[in-house]
Amino acid sequence: IGAVRLSEQYLSSDPPKPKELLAMQREIEGAIERPMREMEAWMSDHPRAKWSAVTGTSGTILALGSALHPTSFAEGESEGNTKGQVLPSFSIGRSALARLNQQLAELPVAGRKKLPGISDQRAEIIVAGGQILEQTMRAFKILSISTCQWSLREGVLLDRLGELNELRTDRPRSDRPRSDRGRSPSHERSHAIDERLAGAEALGQRFGYEAEHGRHVSVLACELFDQLRSLHGLKEHDCTLLAAAAILHDIGYAISHESHHKHSLYLILNSELTGFTDLERLVIANIARYHRKTFPKPNHPHFASLTSDDQGRVWMLGGLLRVADAMDRSHQSRIKHCKASLRRAPRRALRRDSVRIQIQSARNCDHEIWSIGIKKDMFEEAFGVPIELVTG
């Protein structure tokens with residue numbers, strides 16, 4: 001996730017302001033969501049599995065362990081430990097870490113530098129590092145971890161030695177395609193639109209996309225498209241482009257969570273997408289790129305390369321995709337379907353036209369409702385009408 005990046009992006013005050021901490025915590029939660037879902041899926045297939053031991057490595061976690069165990073750290077120092085030598089192994093309990101994080105957030109950088117084991121440079125990023133560790137432990141229900149000074153470098157060397165000596169065990173590969181757990185209604189709906197979407201799904205599988213989420217967002221996006229034809233005036237072919245972008249909007253996770261929408265654009269542009277022309281692929285890539293974060297801008301090169309008509313198409317289809325993606329915020333298909341309608345205001349009425357969206361769900365979808373409120377912005381900007389959300 002990056003303690004340095006989070007510190008630079010969110011923590012501008014010294015000590016950090018509560019609103020800065022909250023914004024950073026939300027970013028961490030977003031980064032953890034996908035590995036959480038993957039772990040939960042694995043655990044559901046292995047119900048008897050449980051944590052045997054959890055180890056934390058590298059400088060930030062070692063510094064947190066040292067701060068929590070000042071006596072042991074001091075003893076390690078007295079034995080001649082210096083930078084680059086082995087320090088004692090510490091146990092970091094989740095509740096103790098939470099208390100330490102609260103203390104760290106209340107201290108300025110100068111105060112953090114005085115804590116055991118926290119160097120001058122580490123003091124600048126330790127708040128973010130502690131929050132990442134705490135939220136990861138909470139998400140995966142880890143009560144405590146043990147620190148280890150050995151890290152990625154040693155792991156790479158040991159792994160290579162194992163290969164050379166043919167001692168490598170048969171481990172699960174992280175890049176092995178995940179099963180799709182059957183064909184969902186979303187899949188049937190997507191392919192009813194256009195058989196070319198098989199090419200989009202093949203590309204998604206290549207980059208380990210979350211098939212169920214991509215397909216369901218595609219269904220919801222196309223429902224919005226169908227029901228709001230009087231608003232956008234686009235053609236059926238445009239719905240195919242929207243469906244393809246919905247299937248592929250998250251494939252950028254294959255590169256990184258951070259800015260994954262930009263990575264999705266890059267992967268779509270630089271991969272073979274069977275059944276679509278180069279121009280169509282450029283439009284699809286732009287739609288996927290704007291499913292989150294900033295709006296299209298004239299200085300965005302891939303958007304600027306489009307004609308004005310295609311730029312307008314990206315605005316409208318991107319707005320629809322944002323709303324559809326928000327409807328599956330939890331990636332659990334809580335909102336099965338939606339009904340959208342354009343509500344015309346009377347000529348002399350003070351209020352303006354609006355789009356009413358009724359969501360259908362038998363499950364709690366507070367998270368999705370909150371997300372729609374956040375991500376409806378591009379839709380409202382593109383069409384010039386507000387969204388009114390109705391549940392039930």
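Reader: What is the pLDDT over residues 167-193, and how many contacts beyond four places in sequence does the model have there?

Author: The pLDDT stays under 50 across residues 167-193. pLDDT is the predictor's confidence in each residue, on a scale from 0 to 100. The model still has 39 contacts for this stretch beyond four places in sequence, a contact being heavy atoms within 4.5 Å. Where pLDDT is low, predicted coordinates should not be read in detail.

Reader: How does the protein chain score on average, and which residues have a pLDDT below 50 with 6 contacts?

Author: The model is predicted; local features need pLDDT of at least 70, side-chain atom pairs count only at 80 or more, and totals for chains, interfaces and linings use all residues. Numbering starts from 1 along each chain as its sequence is written, and side-chain values use heavy atoms, with hydrogens and water left out. The protein chain averages a pLDDT of 84, and 86% of the residues score at least 70. Residues 78-85 fall below 50, with 6 contacts beyond near neighbours in sequence.

Reader: What is the strand order of the open sheet, and why do β4 and β6 stand at the edges?

Author: The order is β4-β5-β6, with mixed pairing. Strands here are DSSP runs of E, at least two residues; helices are H or I runs, at least four; both are numbered from the N terminus. β4 (337-343) and β6 (387-391) each have a single partner strand, so one side of each lacks a neighbour in the sheet. From one strand to the next, the twist averages 20°.

Reader: How do you know that β5 and β6 pair, and in which sense?

Author: Pairing takes at least two bridges found by DSSP. Strand β5 (residues 354-360) and β6 have 5, in the parallel sense, so they count as a pair. Arg356 stands opposite Glu388 in β6.

Reader: Which helix lies across β4 and β5, and at what angle to β4?

Author: Helix α12 (residues 211-227) does, at about 25° to β4. The angle runs from 0 to 180 degrees between N-to-C directions of axes fitted to C-alpha atoms, for helices over the stretch in contact.

Reader: What makes Ser333 count as buried?

Author: Its relative accessibility is 8%. Buried means under 20%, exposed over 50%, partly exposed in between (1.4 Å probe, protein chains only). Therefore Ser333 is buried. Ser333 sits in the loop between α18 (308-327) and β4. Its phi is near 55°, a positive value in a residue other than glycine.

Reader: What is omega for the peptide bond from Asp14 to Pro15?

Author: Omega is near 0°, and the bond is cis. Pro15 lies in the loop between α1 (3-10) and α2 (18-45).
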